[in-house]
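Let's walk through this one together, starting at a helix and ending at a sheet. Have the viewer open as you read.

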Amino acid sequence: MKKILSLVLLVLIAWAAEAQILTPVKWKITLDDSDSSVKTLLFSAKLEKGWHLYDMNLPDGGPIPTSFNFETLKGAKALGSPVPSKKATTVYDEQFEMNLSWYAQEVSFSQQIEITDPKAFKVDGYVEYMACNDENCLPPEKESFSFNHTNINVEKTLQALAKKNEMPVENLAEEEVRDVQEPETVPAVKQNVSAVPVATKAPFAGSDLWKPVVDELKAFGDTTVSAAETGWLFIFFAGFVGGLVALLTPCVWPMIPMTVSFFLKRTKDRKKAIRDALTYGISIIVIYLALGLLITGIFGASALNDLSTNAVFNIIFFLLLVLFAVSFLGAFEIVLPSSWTNKLDMKADTTTGIISIFFMSFTLVLVSFSCTGPIIGTLLVQAASMGSKVGPAIGMFGFALALSIPFSFFAVFPNMLQSMPKSGGWLNSVKVVLGFLELALALKFLSVADLAYGWRLLDREVFVVLWIVIFALLGCYLLGKIRFSHDSELKYVSVPRLFMAILSFGFSVYMIPGLWGAPLKAISAFAPPLYTQDFSLYDNEVHAAFTDYEAGMEYAKRNNKPVMIDFSGYGCVNCRKMEASVWTDARVKDILEKDYVLITLMVDDKSKLPSPVEIVENGKARVLRTVGDKWSYLQRSKFGANAQPFYVLLDGDGKPLAPSYAFNEDVNKYIQFLNKGLTEFRNKQGGER
């Protein structure tokens, strides 16, 4: 069983890890050669789990929509607009303050074209698209396509045209000439047939500033990976902490000595008893891990990602967490049918060996459900909101690992059971505290739905007020000023309760300045965005000195200063999060403005280059048409990455000064990142700034 568990872990880790160059969208473009003169171009996109592709029609000021561009269209004309194979998912985006539509998993777009001259038929173009998940937005990409008369049955098409025009095939040539001479129009797709500038070779190809530095970054120990990997690590630790909390509930804590004693009495061979107890712990892990994999298998990671951003399901999550909170506060108990546990108890008694132990572990899972159910539910909701590929399974593994450790540990060292605190009213207090925390967390999901529907019932100041009240009431409960019907009398306040009350009241006081616009970075991931607040006194943003790479590097070289390149995008949600929660920190702001030359490069900037630039990437010729194309190519070719946000520190010659940095809202880590670059730069300069 240990080997099986190890194999499962290796598979999960291999599945979750991703490379820096992300290619979440795979296109297949085909031409359907029908017997008529009307053909169908089919653009089929298949997306990796957790990613989405934007719709064709988006409001101005938002991310890049999917578009279909014809650069050459001879002997044919486009009919109507591309038609998607399914309806797009529409959600409200907090950063753009608008409704955005996208597709997940897979989608196809069909574009009809009518052939007017089969022998001269030729169509060239590209699909421009942008893909995002909950953590990353990739720069706009282009997928080229090309078809000509060799891809269709010319004779059948000529016959179809002749039949349509009611004339012999031999008389069609003159009509074809007249059709071709008339100007073509494509009303529903972008057509760039005329006046296409000739692409030139990249003038920056030989520049030292563009030379790849991937090896130099690796030499610094660069471990920056995709934010999705950070997501599953967070879910694992969240699950582990949830398992530790579950141990302190009245349903689980008393079962530790009971279960361990049972295994030690089961046989006179203590080694076998210990081995059985370890098997019991592993069985708990396998059960919860299988439950997480089952949830992922049923819903799929992309479905969980869609649910996490869907307003209706956020309301369901809100109601679910409120239900859990009310249960923990003592209004009622969430229990499974007793017949289930009775049947498993009988199975455990009538079987032997590993099967018996497995049924006993299953019995523990069911008996403890009234306490662990709300914690597991919250964990799965969090996994859905993270959009991680194997989030539920990894979260369940962390939860089960923490839950199983005491059973195995105390079986190995049974004498330590004597030092465990006895069951009592303190266990009920743990449930009540969890109830307050569940209630606070529920408001986060209601906030998402509130923003989606534009109710404006839970603006930032209302959210902050409710959190202040919840944590103030929690402090009162810990001091014994509030009692529920199932609470035992609190004769005195213990030292741990006093310190927890101090923390709760302190947290409430910390949030009070947020009513006037203070950033409240500790809760920035939960609270509604600052723009929903009616009154704010806060204005402390950081702006880049340059938006052009070469110009910024020239200035840095001339003034002997290090550079921070900020690869960002107008459609990058997490770029805005970093700017709001990290750059606004006074220490970060001071370093960026005084010690660095800050260059922000927007990889989705649609401004046209003076002329298209031809480059060769991975053996394939590509054309850079926009400023965003250029900066996206710079990030890929020089730094080996294509996800945003992406930060890299350079000297005036374009050499890295430290490992790169991706999405992480830990201000202290960001300051360490900046200071490491400054130290390296000063060392290069011989100690001189």
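Start with alanine 402, which sits in helix H13, residues 391–412 (helices are DSSP runs of H or I with at least four residues, strands are E runs of at least two, and both are numbered from the N terminus). This is a predicted model, where local features need pLDDT of at least 70, side-chain atom pairs count only at pLDDT 80 or more, and totals for chains, interfaces and linings use all residues. Residues are numbered from 1 along each chain as its sequence is written, and side-chain values use heavy atoms, with hydrogens and water left out.

Alanine 402 is buried, at 1% relative accessible area (buried is under 20%, exposed over 50%, partly exposed in between, using a 1.4 Å probe and protein chains only). Leaving aside residues up to four places away in sequence, alanine 402 touches Phe240, Gly243, Leu244 and Leu247 (contact means heavy atoms within 4.5 Å). Its C-alpha atom is 9.8 Å from that of glycine 281, 121 residues apart along the chain.

Now for the sheet. It is open, with 4 strands in the order S1-S2-S8-S5 and antiparallel pairing (a pair needs at least two DSSP bridges). S1 (25–32) and S5 (76–84) are the edges, each with a single partner strand, so one side of each has no neighbour in the sheet.

S1 and S2 make a hairpin with 5 residues between them, and 8 bridges join S1 to S2, residues 38–47. Tryptophan 27 faces alanine 45 in S2, and aspartate 32 stands opposite threonine 40 in S2.
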